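Here is a short report on charged side chains. Look over the structure, then read on.

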Amino acid sequence: MALKPDVLWAQRPDSVYLTVDLKDVQDLKVTLEKDSLAFSGKAGGSAYEFTLDFFAAVKTEESKWSSKRLIEFYLKKDAEETWPRLSKAKMPWIKVDWSRWQDSDDEGEGKGAFDVDGMGDMSFGTGDGRGPNDFDSDDDEEILKDLPPPLHLQEYGEEEETPAPAAASAPVKEAGQELNESIERLSGAAPAPRGPAPCEHSAWTDARIRRRTALVAAIYPPLGSEKDST
């Protein structure tokens, strides 16, 4: 069974300010009519809902709301008058918002009009047969489903991961080892032992490097030698 949230209210002669005392509401659904407000949603793992029949009519087209932190409504009264209570019937979960309340005899030095900065209007119709003042947070998900895929996916299809380069096969490794041994034979050096290269620098590696350098120099003359010979 759904719970009833605390609903705080305050008024001015021309308007009413409502606050549904819930944070981070999910699956939010709101329907505003000229004489009622229906609310449902989930917060803190619990479901909440209520239907509120106003004491008098409101102008839905001039009303506003916000769901940034708490769920708040600014309702424009159809006629300027002071309501003795928010709803036609007394509800235990409806409470006075003393931080915004202003008595009729305090109007000259009161708190002034309600702050509606950052609020949006109540005209969030969906075109699916519901009224122009119905809101359902699931509508956002439906809109996202209808959007086209990103441009790069339209042109090239789904992105694929680049495969990692394959490891060298055993024949390739063997051919590389034989090539090294051939170079050693041409330079007159003993073939290097198969297996991992030694971790430490040694005299054997120095001699190997010098013989390889001499072999390369014998095959490829130094740069500029041909120019000097002419």
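Is D6 buried, partly exposed or exposed? D6 is partly exposed, because its relative accessibility is 29%. Partly exposed lies between buried (under 20% relative accessible area) and exposed (over 50%), using a 1.4 Å probe and protein chains only.

## About the model

This is a predicted model: local features need pLDDT of at least 70, side-chain atom pairs count only at pLDDT 80 or more, and totals for chains, interfaces and linings use all residues. Residues are numbered from 1 along each chain as its sequence is written, and side-chain values use heavy atoms, without hydrogens and water.

## Salt bridges

The count is five salt bridges. Each has a side-chain nitrogen of Lys or Arg within 4 Å of a carboxyl oxygen of Asp or Glu.

D6 pairs with K95 in one of them, with the closest N and O atoms 3.5 Å apart. D6 lies in the segment before β1 (7–12) and K95 in strand β8, so the pair ties together parts 89 residues apart in sequence. Strands are DSSP runs (E, at least two residues), numbered from the N terminus. K95 is partly exposed, at 38%.

D14 forms a salt bridge with K76, at 3.0 Å between the closest N and O atoms. D14 sits in the loop between β1 and β2 (15–20), and K76 in strand β7, 62 residues away.

## Around R100

R100 is in the loop between β8 (94–96) and β9 (120–121). R100 is partly exposed, at 25% relative accessibility. The C-alpha atoms of R100 and A10 are 5.8 Å apart, though 90 residues separate them along the chain.

Technical notes: Helix = DSSP H or I, 4+ residues; strand = E, 2+ residues; numbered from the N terminus.
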